[in-house]
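Thank you all for coming. Before I start talking, please take a moment to look at the sequence and the model on the screen.

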Amino acid sequence: MAQQTGISYPTVSKILADLVAAKVVDEQDEEYIGFGRPAKVYQLASEVRAVLGLVIGPVNCELVVSGCDGRIRDESTCRFRTPRRFSTLIKTIGKRLKQMQGEGEEFIGLGVTVPGLIDRETEEIVKSPNIPQLDGKRFGAELEQVIGLPVAVVQCMHGLFLAERMFGEARDLNNFLLLNYNGGLGIAVCNDDQLMYGSNGLAGELGHTTVDVEGPVCGCGNRGCLETFATDKVVAESVSRRLGKNLDISEAAQLHAGGELDIDDILERAVDYLAIGVASAVNIFNPEVVFLHGRFLHLQDRLFDRLCEQVRQRALAATLEQCRIIRVNQRTQESERAGAVAAIVHQLTIRGGKQGVDRCIRGPKIEVHDGAANCFVESSSQARE
Ligand SMILES: [Zn+2]
């Protein structure tokens, strides 16, 4: 570690001793690596101590237990309806946690993902359009008081980013971009190994770029924002209008897979607008990789090819040349859980806590996404072949 980081041996030892004392890292048996003294082996704690991850959704909440190495214990998952009142939400979380602690587990922190904007300085949830009971609340601070554990609250996008960064495909990347088009359309940008927050943590709202001055009204109050054209939510709404019944994207995908639904025009329109977003992000941030998180691109294989082709037309050739576009094969839910866990592991492991240096440590590579393969990797160049 001292060699890799350029930090002196005593300092590395001190940092590791702190992390071991905080129970975030386990010291393993010594290992001979061929010469000299045996090396001490450390790993993120997985067995003895656990962290909790909480995904707060508009309808349901999900609470999971995980090792600090990001491995979620599926059998531990507990779901409950999201209470409408803020005070009831806090109480409910406290109660669930007590039940879990009663089963003998020792927890060292709780990570929470919230769909909304969080002010990084004040840690106040500025706006959560679908969970308004959180608006204006310092959720993390209030939870900490009730549960007596460190709490890290991050917006969903930053949770996905941290999971990909610490445990996923982005472990070895320093310049990449993650775009989620599931509900809204947001990006998280890793620039030179650092997540871009902007002046108070609200960076990344690509979805609210105007792409049609007379377009439909967006949730932000503006007209013709990118996210009124290119998200799973919009695709599901268009399909629902056509069929005269309310479907979400999973139900629409099911009907489509059964051959009962011709929605090529809806999908193509969404892809074309998504390509505008991807190309713009590539032009602005010059990433090595763009990870695409969402569902509708998976409805037909040709959609990803179409997207890559359009991005190629719209992005600057020199910028795109070194850039891979990866369509992540995922269930959003699973990635969100990993995001909540990553949020607290990140907070516990960065020196100085919340205000510390904001580089992620890297965990062992695990399956952040579903399926045997971690990521469904398709580079734009492969798609062209
Ligand atoms: Zn908007």
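Predicted model: local features only at pLDDT ≥ 70, side-chain atom pairs only at ≥ 80, totals over all residues.

Residues are numbered from 1 along each chain as its sequence is written, and side-chain values use heavy atoms, with hydrogens and water left out.

Which protein atoms are the donors of the zinc ion? They are ND1 of His208 and the SG atoms of Cys218, Cys220 and Cys225, lying 2.0 to 2.4 Å from the zinc ion, where a donor is an N, O or S atom within 2.8 Å of the metal (3.2 Å for Na, K and Ca). The four donor atoms subtend angles of 105 to 123° around the zinc ion, which makes the arrangement tetrahedral, a term that requires all angles to lie between 85 and 135 degrees. For reference, the ideal angle for four tetrahedral donors is 109.5 degrees. Along the sequence, the spacing of the donor residues reads H-x9-C-x1-C-x4-C. His208 and Cys220 both lie in the loop between β12 (194-195) and α6, so the pair ties together parts that are twelve residues apart in sequence. Helices here are DSSP runs of H or I with at least four residues, and strands are E runs of at least two, numbered from the N terminus.

Helix α6 (residues 232-243) packs with helix α8 (residues 264-285) at an angle of about 155°, the axes being 10 Å apart; axes are lines fitted to C-alpha atoms over the stretch in contact, and angles run from 0 to 180 degrees between N-to-C directions. The two helices, α6 and α8, are therefore roughly antiparallel, the word used for angles over 145 degrees, whereas under 35 is roughly parallel, 65 to 115 roughly perpendicular and the rest oblique. On the α6 side, Val235, Ser238, Val239 and Arg242 meet Asp265, Ile266, Leu267 and Ala270 of α8, with contact meaning heavy atoms within 4.5 Å.

With helix α7 (residues 249-257), the axis of α6 comes within 9 Å and crosses at roughly 60°, and that makes α6 oblique to α7. Asp232, Val235, Ala236, Val239 and Leu243 of α6 make this contact with Ile249, Ala252 and Leu255 of α7.

Finally, helix α3 (residues 86-102) and helix α4 (residues 139-147) pack at about 45°, with their axes 10 Å apart, which makes α3 oblique to α4. Among the residues in this contact are Phe86 and Leu89 of α3 and Phe139 and Glu142 of α4.

Methods
Tetrahedral: all angles 85-135°; square planar, octahedral: opposite > 155°, others 65-115°.
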